[in-house]
Amino acid sequence: MERDSTLVILNGTLIDGAGNPPTPNEAIVVQGNRIRSIGRLPEEVRLEDREHVNVIDASEQWILPGLIDGHCHLSFGFPQMHGAPSSQGTTSAEFSTLRAARNAQTVLRSGVTSLSVPGGTWFIDVAVRDAIAAGLIEGPRIFCAGRFIVTYGSITDNEPSWVGTPEHVNGKLANSVDEMVTEVRRQCKHGVDYIKMADSTWGNLQTIAPHELAAVTQEAHRRNARITIHARGSGSTRAAAEAGVDWILHADLATDDDLEAVADAGMPIMPTMTFLTRGVEVGREYGRSQHAVDAMKRHLDGAIHVLQRARQLGITLLCGTDSGNSPLMPYGELHANEMDMLVQYGGYTPLEAISACTRDTAFAVGLENEVGTLEAGKLADLILVTADPLADIRVLQGGTHLAAVVKDGKIVDHQAQTVAPGQLELQPASV
Ligand SMILES: [Zn+2]
């Protein structure tokens with residue numbers, strides 16, 4: 001019954017995500033969870049059959065592919081727990097899971113229909129992904145990694161060596177090829193979509209050897225998992241290119257030579273400038289030191305150079321914000337901000353920025369032929385907005401101009417009442 005339901009979107013302006021100029025929309029017909037046709041309304045679809053046909057009038061609205069955030073963490077960071085460092089989860093898997101489910105709901109209601117989650121605590125993101133796919137809870141499509149695989153001195157290895165990285169930390173120590181490959185196998189067994197390696201926090205030293213990265217990449221690929229790496233440094237970016245990872249996160253300090261190696265190897269880069277911009281703009285209000293804010297400014301400058309150079313070299317740029325990595329990056333507000341970064345710093349037109357963040361970033365959610373563009377046959381993930389994103393790309397941010405969200409062919413109640421996460425005082429008695 002539900003599989004046969006039809007949704008028809010009439011009128012409005014269609015921005016298809018494939019890069020075509022906007023066109024007046026006649027009718028988008030969604031059957032079940034897929035787009036059946038775009039253009040003239042097929043004769044057999046009877047709009048007066050309201051029992052089976054749901055109609056949305058998008059007059060004076062713009063229709064786009066559902067947003068995709070290629071870098072968002074759900075299971076640590078925000079809303080912050082009393083006493084928990086920002087880069088770690090709580091010590092309760094149960095509480096963190098429920099919080100992550102709530103975060104996923106907030107993300108979807110802001111118009112984000114697909115999410116790539118490069119790392120979290122336990123296998124919470126796998127569980128949230130599966131619960132959403134099973135229809136138990138509401139949320140975007142999720143493509144996720146497990147805990148970051150790290151060595152001593154990498155990002156997330158914040159405790160002394162005699163403490164290590166307990167399960168509630170978003171990193172997992174592995175200091176040899178054997179340990180790394182074992183962890184890849186463990187994570188694949190538990191259902192991750194991809195492996196997240198992580199070099200040093202700011203790229204000032206290289207903590208993962210090229211042969212280690214190559215071994216992990218081979219093992220991940222052997223098990224049909226993808227792999228990405230947090231690589232801000234020059235050496236780690238180069239090693240990632242040579243190892244053949246599927247995409248590189250950050251690459252802020254990559255030299256022009258490193259970027260040529262990336263271009264030769266052919267993988268995309270996801271610069272993640274939204275986090276750096278947030279750090280520069282409001283980092284001090286969130287307790288970051290001036291030293292840390294200055295570092296973020298330097299990295300933002302580096303990322304802008306990489307963005308521009310990568311584009312010249314024909315490297316595909318993916319869009320991710322790092323939302324949820326800390327209280328600095330609240331859910332539901334910043335997921336479309338990376339488009340603005342591409343326009344501001346990369347010389348993209350708004351139309352090009354939309355395609356980068358939808359069509360291109362679909363790769364980071366493993367759905368490159370299924371979502372990200374509005375075409376007959378694709379999964380029916382789309383949003384309607386009340387302002388023209390080609391006139392001002394920022395209207396896509398924060399769900400402020402959302403008229404409707406459709407995920408998997410179903411209309412999402414995006415205005416459902418929720419407590420603003422910033423208002424939550426999270427202090428469960430057991431933690
Ligand atoms: Zn991240």
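Student: Among contacts in the protein between residues at least 6 apart in sequence, what percentage join residues at least 24 apart?

Tutor: A contact is a pair of residues with heavy atoms within 4.5 Å. Among such pairs at least 6 apart in sequence, 69% join residues at least 24 apart. Before we go on, note that this is a predicted model: local features need pLDDT of at least 70, side-chain atom pairs count only at pLDDT 80 or more, and totals for chains, interfaces and linings use all residues. Residues are numbered from 1 along each chain as its sequence is written, and side-chain values use heavy atoms, with hydrogens and water left out.

Student: How many helices and strands does the protein have, and what is its radius of gyration?

Tutor: Helices (H or I, at least four residues) and strands (E, at least two) are DSSP runs, numbered from the N terminus. The protein has 10 helices and 19 strands. The radius of gyration is taken over C-alpha atoms, and the globule rule is 2.2 Å times the number of residues to the power 0.38. Here the radius is 21 Å, close to the 22 Å that the rule gives for 431 residues, so the protein is as compact as a globular protein of that length. Along the principal axes, its C-alpha atoms fill a box of roughly 70 × 55 × 45 Å.

Student: Which residues coordinate the zinc ion?

Tutor: Donors are N, O and S atoms within 2.8 Å of the metal (3.2 Å for Na, K and Ca); water is not among the atoms, so sites may look incomplete. In this model H71 (NE2), H73 (NE2) and D322 (OD) coordinate the zinc ion at 2.0 to 2.3 Å. Along the chain, these donors follow the spacing H-x1-H-x248-D. H73 lies in the loop between β8 (67-69) and α1 (93-109), whereas D322 lies in the loop between α8 (290-312) and α9 (337-346); the pair links distant parts of the chain, 249 residues apart. Both H73 and D322 are buried.

Student: Which residues have the most contacts inside the largest nonpolar core?

Tutor: A nonpolar core is a set of buried Ala, Val, Leu, Ile, Met, Phe, Trp, Tyr and Cys residues joined through side-chain atoms within 4.5 Å. The largest one has 86 residues, and those with the most contacts inside it are L74, I195, M197 and L396. Helix α8 gives the largest share of this core, 7 residues. Leaving out residues up to four places away in sequence, L396 touches L64, L67, A336, M339, I354, I383, V385 and P389.

Student: Why is α9 described as largely enclosed by the rest of the structure?

Tutor: The description applies because 7 of the 10 residues of α9 are buried. They are N337, E338, M339, D340, M341, L342 and G346. These residues pack against β8, α7 (273-282), α8 and α10 (350-360). Just after α9, G347 takes a positive phi of about 75°.

Student: How many salt bridges does the structure hold, and which residues are linked in a network of them?

Tutor: A salt bridge is a side-chain nitrogen of Lys or Arg within 4 Å of a carboxyl oxygen of Asp or Glu. The structure holds 25 salt bridges, and R185, E219, R222 and R223 are linked in a network of them. R223 counts as partly exposed, at 39% relative accessibility, whereas E219 counts as buried, at 2%.

Student: Where do D258 and R238 lie?

Tutor: The side chains of D258 and R238 meet in a salt bridge (3.1 Å, N to O). D258 lies in helix α6 (residues 256-265) and R238 in helix α5 (residues 234-243), so the pair ties together parts that are 20 residues apart in sequence. D258 counts as buried, at 4% relative accessibility, and R238 as partly exposed, at 28%.

How values were computed. Buried < 20%, exposed > 50% of the residue type's maximum accessible area, 1.4 Å probe, protein only.
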